[in-house]
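This report examines selected residues and contacts in one protein structure. Please keep the sequence and the model in view while reading.

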Amino acid sequence: MKATEIIFDENLEMYVSLKDLDNEVCITLSDGLFASEEELTDEYKEKIALFVNNLSEWYSLACSSVMTWAKDTYKIEACMQDIELTHIFVLFEQNEDELFGLEFRVEFDVEHGCGIKIKGDNSKYDIVEVGTGDVAFC
């Protein structure tokens with residue numbers, strides 16, 4: 001994905017097919033951000049594109065966090081087949097460090113899902129918070 005391909009619709013959403021995943025993922029610019037009302041800079045779009053393109057750098061870390069959360073919360077052993085990334089939320093302003101929310105559909109809690117906050121810094125990613133789906137956008 002290129003920065004020039006980042007174009008949000010009137011709902012501040014766009015859909016992308018991610019390599020290595022079989023489903024389309026919705027990328028949402030949080031409407032609570034000033035960025036949602038500003039013209040997005042090329043640098044900001046580049047940060048979003050880089051995150052999407054670096055799926056291989058953060059996806060297994062995120063899925064491992066979901067499986068650990070499932071074990072700690074539900075006392076079950078989840079596997080990769082139980083987890084589907086559905087949403088990426090952009091949670092940072094144009095002049096801030098990267099923070100994304102990831103929302104997963106999970107077989108063990110279809111109603112609430114699983115949400116993760118993940119921060120990025122020079123293509124290094126750290127999980128900040130894991131919980132039900134609303135963690136991804138709150």
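A residue is called buried when its relative accessible area is under 20%, exposed when it is over 50%, and partly exposed in between. By this rule Glu107, at 45% relative accessibility, is partly exposed. The model discussed here is predicted.

## Salt bridges

How many salt bridges does a search of the whole structure find? The search finds 3. Side chains of opposite charge can pair when their charged atoms come close.

Glu107 takes part in one of these bridges: its side chain meets that of Arg105, with 2.8 Å from N to O. Arg105 is partly exposed as well, since its relative accessible area is 34%. Another bridge joins the side chains of Glu77 and Lys71 at 3.2 Å, again from N to O. Glu77 has a relative accessible area of 61% and is therefore exposed, whereas Lys71, at 45%, counts as partly exposed.

## A link between two strands

Glu129 forms a salt bridge with Lys117, and their closest N and O atoms are 3.6 Å apart. Glu129 belongs to strand 6 (residues 124–131) and Lys117 to strand 5 (residues 114–121), so the pair ties together parts that are 12 residues apart in sequence.

Are the two partners buried or partly exposed? Glu129 is partly exposed, at 37% relative accessibility. Lys117 is buried, because its relative accessible area is 11%, and the limit for that class is under 20%.

## Leu85 and its surroundings

Strand 3 (residues 83–90) contains Leu85. This residue counts as buried because its relative accessibility is 0%. Leaving aside residues up to four places away in sequence, Leu85 touches Leu18, Leu21, Asn23, Val25, Trp58, Tyr59, Leu102, Glu103 and Phe104.

## Helix 1

Helix 1 covers residues 42–53, which makes 12 residues. From its first C-alpha to its last it reaches 16 Å, close to the 16 Å expected at 1.5 Å a residue.

Which residues of helix 1 are buried? They are Tyr44, Lys45, Lys47, Ile48, Ala49, Phe51 and Val52. An α-helix has 3.6 residues a turn, so residues three or four places apart point the same way. The buried residues of helix 1 pack against helix 2 (55–74) and against several strands, namely strand 2 (24–29), strand 3, strand 4 (98–106), strand 5 and strand 6.

Definitions and conventions: Residues are numbered from 1 along each chain as its sequence is written. This is a predicted model: local features need pLDDT of at least 70, side-chain atom pairs count only at pLDDT 80 or more; totals for chains, interfaces and linings use all residues. Side-chain values use heavy atoms; hydrogens and water are left out. Helices (H or I, at least four residues) and strands (E, at least two) are DSSP runs, numbered from the N terminus. Buried means under 20% relative accessible area, exposed over 50%, partly exposed in between (1.4 Å probe, protein chains only). Contact means heavy atoms within 4.5 Å. A salt bridge is a side-chain nitrogen of Lys or Arg within 4 Å of a carboxyl oxygen of Asp or Glu. The expected span of a helix is 1.5 Å times one less than its number of residues.
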